[in-house]
Amino acid sequence: MNDSRGAVSRRLFVSGVFAALGAAPVAGPMDGPAVAAAAPRGSVLRARPGTVVLDGRTLPTWMYDDRLPGPLIRATAGRTVRVRLVNELPAPTTVHWHGIRITPKMDGAPGLSQRPTPPGGTFDYVFTVPDPGTYFYHSHVGMQSDRGLYGALVVADPREPLGYDQEFTVVLDDWQDGVRGTPEDAERRMSATSHDKGLSSPLLGGVAGHMRYPYYLVNGHTANEPRTFHSRPGARVRFRVINAAADTAFRVALGGHRMTVTHTDGFPCKHVTVDAFVLGMGERYDFVTTLGEGAFPLMAMAEGKSGRAFAVVRTSRGARRPSPDGTVPELNRQMLKYQDLEARRADQLPQPSRTVTVTFGLRKRPGGDEWTLNGHGADDPLRLRVERGETIRIVMHNDTHMWHPMHLHGHTFQVRTTDRGGPRKDTVNIKPRERMKIDVHADNPGEWMFHCHNLFHQEQGMMGTLGYGRPPRRKHNMGH
């Protein structure tokens, strides 16, 4: 093992030691080693009002620990995470640990598994992280995550089989808070059928989203003041890419390089090399590449919206910085498809014993149009019943004019691109008029949210549950 790969192993070992001692995960900068160990009782995550400066504009928002994104949390698979949420906001809030197979009471789902933490209150999140991979955390109350209430969660594999010299965590976002009012203001103005008529993408099957955003960000930086990732020529680098946006899919490429995709929503997959991929809201891809010499554009086009998030990968001091307005040919070359992805044999799920269909719909209501699941909206949410130990196939039929990134809490599923194959994921994009099959193994009892990760759709009714056994006596109110 060379020195740089040994450094990766040492970071994994140190993270594992802290976890073994019962310490909280380590919080640090978005790339590179963490700066300090957390206190033995756990780390503290403070949600509070603050300001961000984007292209010289000072904008009010809400953040964790006055950072955008919030602090990078590192943990080790099989160990315990301890995070105390301190709510210094003027509204109730929660933290959802997106993609983690967690215990229900730690899931941060308001009205379902947790009462939101009130202003001035605290809540201790204590849970085991069973699977290594790239995840993130965010508020699950209303439109709060469309402010700055999100951050990355990286779970190390103590037996990491993937060899690489360095890693970078890349968090993509669309930003409107403080520019045109708040995200809540935008949601009140938005109906289920309203969208900019110019927002169109063949890759997404038609309408790309509801609105153009003033800014698109990489790790809290605009394209005009980009984040720079520093490395060296010849380094084999792992990129962990997270889409934390509310309404925007991103088409991602690294200029001058091909990307070998190694993980889908945290889970390993058979390696596939492409030039670009599209990342829906809530999705994560890891890729590795060997860097050339120079300064290269890491481009994340706002799919169908003509905007772009942009960062620089630099391996040479003297190289000229690429322009965010420059051409990146890789964006229009070989594109990753779900059909290209295959879970490892060890992660293949059993064949299902039964099939259920969930149809996405749109209905007129006196108070405004509403997105639905099998005709159910926010006032009477759909509940899919499962029994512990069974595997079911959910056929998602998108009978609407827009694409939907669907996310299931508490589980991962296998996207069935063939009768027996496909990747493991927890969030998947379904195009208009498309049918997609996912297999879910019921191994984590509870009541779990199943919803669209477009925040406008989530808030306008497109949220149901997957529940074990008989429904609970108390009817859940998942309104925000």
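Colleague: Why is Y216 called buried?

Modeller: This is a predicted model, and the value is computed from it. The relative accessible area of Y216 is 6%. Buried means under 20%, so Y216 counts as buried.

Colleague: What makes Y213 buried?

Modeller: Y213 has 5% relative accessibility. The cut-off is under 20%, so Y213 is buried.

Colleague: Why are Y213 and Y216 called an aromatic pair that is tilted?

Modeller: Their rings lie 6.3 Å apart, centre to centre, and rings pair if the centres lie within 6.5 Å. The planes are 55° apart. Under 30 degrees would be stacked and over 60 edge-to-face, so the remaining label is tilted.

Colleague: How do you know that the charged end of R147 sits over the ring of W62?

Modeller: The charged end is 3.9 Å from the ring centre, and the limit is within 6 Å. The definition also asks for a position within 35 degrees of the ring normal. R227 is placed likewise over the ring of F229, 5.2 Å from its centre.

Colleague: What makes β27 and β30 a pair of strands?

Modeller: Two strands pair if there are at least two bridges between them. β27 and β30 have 4, in the antiparallel sense, with H407 opposite T427. β27 also pairs with β32, over 3 antiparallel bridges.

How values were computed. Residues are numbered from 1 along each chain as its sequence is written. This is a predicted model: local features need pLDDT of at least 70, side-chain atom pairs count only at pLDDT 80 or more; totals for chains, interfaces and linings use all residues. Side-chain values use heavy atoms; hydrogens and water are left out. Helices (H or I, at least four residues) and strands (E, at least two) are DSSP runs, numbered from the N terminus. Rings of Phe, Tyr and Trp (its six-membered ring) pair if their centres lie within 6.5 Å; planes under 30 degrees apart count as stacked, over 60 as edge-to-face and the rest as tilted. Buried means under 20% relative accessible area, exposed over 50%, partly exposed in between (1.4 Å probe, protein chains only).
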